[in-house]
There are 2 protein chains.
Amino acid sequence: MHLIHTITELRSWRQEVKRVALVPTMGNLHEGHLSLVRTAKAHAHAVVVSIFVNRIQFGVGEDFDRYPRTLEQDVKKLTAAGADVVFAPAESELYPNGMQRYFVEPPAIQNELCGRSRPGHFRGVATVVTKLFNIVQPDVACFGKKDYQQLAVIKGMVQDLNMNIEIIPVEIERAETGLALSSRNGYLTEDERAQAAQLSACLRNMAKAIEAGNRDFAALENDAVMYLQQHGWQVDYIEVRQAQTLTKAQISDNHLVIVAAAVLGNTRLIDNIEVCFSH
Amino acid sequence: MHLIHTITELRSWRQEVKRVALVPTMGNLHEGHLSLVRTAKAHAHAVVVSIFVNRIQFGVGEDFDRYPRTLEQDVKKLTAAGADVVFAPAESELYPNGMQRYFVEPPAIQNELCGRSRPGHFRGVATVVTKLFNIVQPDVACFGKKDYQQLAVIKGMVQDLNMNIEIIPVEIERAETGLALSSRNGYLTEDERAQAAQLSACLRNMAKAIEAGNRDFAALENDAVMYLQQHGWQVDYIEVRQAQTLTKAQISDNHLVIVAAAVLGNTRLIDNIEVCFSH
C-alpha cells in the first residue's frame with residue numbers, strides 16, 4: 001500500500017497501472033467506506049482511496065474545523081481492506097493559491113434538499129471531485145448511496161461534462177439499529193446514538209406504506225416530520241423524490257427515493273431509502 | 001484522415017493512439033488555424049482538430065446563426081495540413097438534452113474585457129473545452145494567442161482544475177496589412193477589410209511607445225480609442241494588461257499585453273500585441 005501526498009507522485013504511479021478505481025473520501029473511515037473499497041477492487045486493477053477534508057464544500061458555521069482527521073487509523077484499515085494507494089494531499093496541494101478559482105457549477109438541484117441549508121456545498125463537491133478525477137484519471141469511481149444527492153450530482157456531472165468514468169453506486173451500510181453509518185455519527189452522545197435509529201425507522205415505514213399502495217406522499221412526509229419533531233429532532237426535510245433525477249415524485253413513478261436530513265442535538269444526519277415497485 | 005462525428009467513434013479511435021494533440025476550432029478555417037495544426041503535429045503522434053460552432057458561448061443577438069459553416073473546405077485544408085482526425089460532432093452529440101446543465105465557471109476575469117459585452121461567453125468556452133478535453137483526452141492542446149483572454153481562461157482552468165494537459169499558445173497569423181486572421185473577417189466589406197488594419201496599427205504604435213519608455217498607459221489607451229473612433233470604429237476596449245494574469249498593468253510589470261476589441265461596420269474584431277522588455 002502506497003501512501004501518496006503529492007499530485008506529482010500520484011501521476012507518476014498512475015502511469016504504470018492500466019485500470020484504476022477511485023474511492024473519494026474525507027477519511028475517518030467506517031465500514032461504509034470499506035464497502036466502497038471492496039466494490040472498487042472488483043472493478044479495476046488497482047484502487048486509489050483519496051482522503052481529503054475539502055474546505056470548499058463546507059459552509060460558514062459547519063464542522064470543517066472539528067471534522068475528524070484520523071489518517072493513521074484510516075491507512076491501517078485501508079491496508080487491511082486491500083487498497084493500493086491512499087492519496088492524502090495537503091490542502092496546499094489541491095488549493096495552492098489558498099483558494100479555488102474555477103468551479104464546476106451544478107444545475108438547480110444543488111439548491112434543493114441538502115442544498116437549501118448548505119449553499120455552495122454541491123458546487124464544492126463537484127469541483128473537488130473533478131480535480132480528483134483529473135489527478136487520478138480513474139476508469140471507475142465508487143460513491144455511497146448514503147449521500148444520495150451527491151451521487152446524483154456526480155452522475156449528472158460525469159454525463160453532462162462527458163467525463164469518461166463509470167460511476168458505481170454502493171449500498172448504504174447500517175448499524176444493527178438501522179442507523180446509516182456516517183463519520184458524523186461520532187458526534188452523537190450514547191443516548192443520541194440509540195435515538196438516531198428513529199430516522200431510518202421513519203423512512204422504512206414510509207417505504208412500506210408506499211409499497212402497500214399509499215401515494216399520498218405529502219401526508220407521509222408530514223407524518224414523518226411530525227413524529228421526529230415530537231421526539232426532539234429538528235427536521236431539515238423529508239421528501240419522496242424520483243430516484244434517477246431527484247425531481248418531485250409523481251404518482252406514476254416506479255423508482256422513488258425517500259430522502260431526509262434532520263438534526264439530533266448538535267448533529268445533522270442524512271439518510272434515504274429507495275422504493276422500487278411495478279404498478 | 002478520419003472524419004468522426006460521434007463521441008463513441010472518437011473514443012474508440014483514441015484508445016489506439018499514445019500521444020494526442022487537440023486543436024479546438026469552430027471551423028471556417030484560415031491560415032491561423034493551420035498554424036495551430038502545424039504546431040500540434042510537432043507535439044504529438046496524432047492531431048485531432050475539433051470543429052464545432054458552440055451555441056453556449058454565443059450571447060443573445062450574436063452571430064451564432066450566421067457563423068460560417070464550411071465543413072467540406074475545412075476537411076480539405078486539414079487533410080492537406082496533415083491532421084489525423086477531424087472531430088465534427090452534431091449539436092445533439094455534445095448537447096443531447098438540448099442544453100448544458102453543468103458548467104465550468106471561470107473567476108471574475110470572465111466578466112472583464114470581452115466578458116463585459118459578452119456575458120456567459122467564457123463560461124461557455126470553458127465548458128465546451130472541458131467537454132472536448134474529456135472526450136478527446138489529449139496530452140496537449142493548442143490555442144491561438146489571437147483569442148488572448150480565452151487562452152488565459154483555458155490556462156487558468158487547466159491549472160486550477162488539475163487537468164493533465166499541456167496548453168500550447170500559438171502566435172497570431174496576420175494578413176500583409178497587419179490584420180489578424182479571423183473567421184469573422186469574412187463579414188467585412190472590401191473597404192472595411194482595408195480599413196481594419198487600423199486596429200493592429202494602433203496596437204503596434206502603443207507597443208512601440210511602451211518599449212520606448214512611455215508608462216502612461218491610460219493616455220496611450222485614450223489616444224488609441226480616440227483615433228479609432230475618429231475613423232468610424234466603435235471601440236469596446238483597448239487596455240494594457242499584465243500578460244500572464246490579465247490584471248491591470250503596473251508600471252513595474254515587464255510582460256504586458258495590449259488587448260483590444262472594436263466594431264467596424266457590423267463586425268466585431270479583436271486583436272492584441274504582447275510587449276516584453278527588461279527595465
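This note reviews helix packing, sheet organisation and chain symmetry in a predicted model.

1. Basis of the model. The structure is predicted, with local features requiring pLDDT of at least 70 and side-chain atom pairs counted only at pLDDT 80 or more, whereas totals for chains, interfaces and linings use all residues. Residues are numbered from 1 along each chain as its sequence is written, chains are lettered from A and ligands numbered from 1 in the order in which they are written, and side-chain values use heavy atoms, with hydrogens and water left out.

2. Relation of the chains. Chain B is superposed on chain A by a rotation of 180° with 0.0 Å of shift along the axis, at an RMSD of 0.0 Å (least squares on the C-alpha atoms of residues with pLDDT of at least 70 in both copies). This relation is that of a two-fold axis. Within chain B, the C-alpha nearest the axis belongs to B:Val104, at 2.3 Å from it. Of the interface residues of chain B, 100% are also interface residues in chain A, so the copies meet through the same surface.

3. The parallel sheet of chain A. Six strands form an open sheet in the order E1-E4-E3-E2-E6-E7, with parallel pairing (strands are DSSP runs of E with at least two residues, helices are runs of H or I with at least four, and both are numbered from the N terminus; two strands pair if DSSP finds at least two bridges between them). At the edges stand strand E1 (2-4) and strand E7 (166-170) of chain A, each of which pairs on one side only. On average, neighbouring strands of this sheet are turned by 25° against each other, direction ignored.

4. E1(A) pairs with strand E4 (residues 85-87) of chain A in the parallel sense over three bridges, and A:Ile4 stands opposite A:Phe87 in E4(A). Helix H3 (residues 71-81) of chain A lies across E1, strand E3 (46-51) and E4 of chain A, and runs at about 165° to E3(A) (axes are lines fitted to C-alpha atoms, for helices over the stretch in contact, and angles run from 0 to 180 degrees between N-to-C directions). H7(A) also packs on the sheet, where it touches strand E6 (140-144) and E7 of chain A, and its direction makes about 165° with that of E7(A). Contact here means heavy atoms within 4.5 Å.

5. Helices H6 and H7 of chain A. Which angle do H6 (residues 121-136) and H7 (residues 148-160) of chain A make where they pack? The angle is about 55°, with the axes 10 Å apart. H6(A) and H7(A) are therefore oblique to each other (angles under 35 degrees count as roughly parallel, over 145 as roughly antiparallel, 65 to 115 as roughly perpendicular and the rest as oblique). Their crossing is right-handed, a term applied if the near helix is turned clockwise from the far one by less than a right angle, and left-handed if anticlockwise. From H6(A), the contact includes A:Phe122, A:Val125 and A:Phe133; from H7(A), it includes A:Val153, A:Ile154 and A:Met157. The residues of this contact divide into nine nonpolar, three polar and no charged (Ala, Val, Leu, Ile, Met, Phe, Trp, Tyr, Cys and Pro count as nonpolar, Asp, Glu, Lys and Arg as charged, and the others, Gly among them, as polar).

6. Helices H9 and H10 of chain A. H9 (residues 197-211) and H10 (residues 217-230) of chain A pack at about 160°, with their axes 10 Å apart. That makes H9(A) roughly antiparallel to H10(A), and H9(A) passes H10(A) in a right-handed crossing. Among the contact residues are A:Leu199, A:Cys202 and A:Met206 of H9(A), together with A:Phe217, A:Leu220 and A:Glu221 of H10(A). The contact comprises 10 nonpolar residues, one polar and one charged.

7. The antiparallel sheet of chain B. Three strands of chain B form an open sheet in the order E8-E9-E10, with antiparallel pairing. Strand E8 (234-242) and strand E10 (267-276) of chain B each have a single partner strand, so one side of each is left without a neighbour in the sheet. Neighbouring strands are turned by 10° against each other on average, direction ignored. E8(B) pairs with strand E9 (residues 255-264) of chain B in the antiparallel sense over eight bridges, and B:Val240 stands opposite B:Ile258 in E9(B). Helix H10 (residues 217-230) of chain B packs on this sheet, touching E8 and E9 of chain B, and its direction makes about 155° with that of E8(B).
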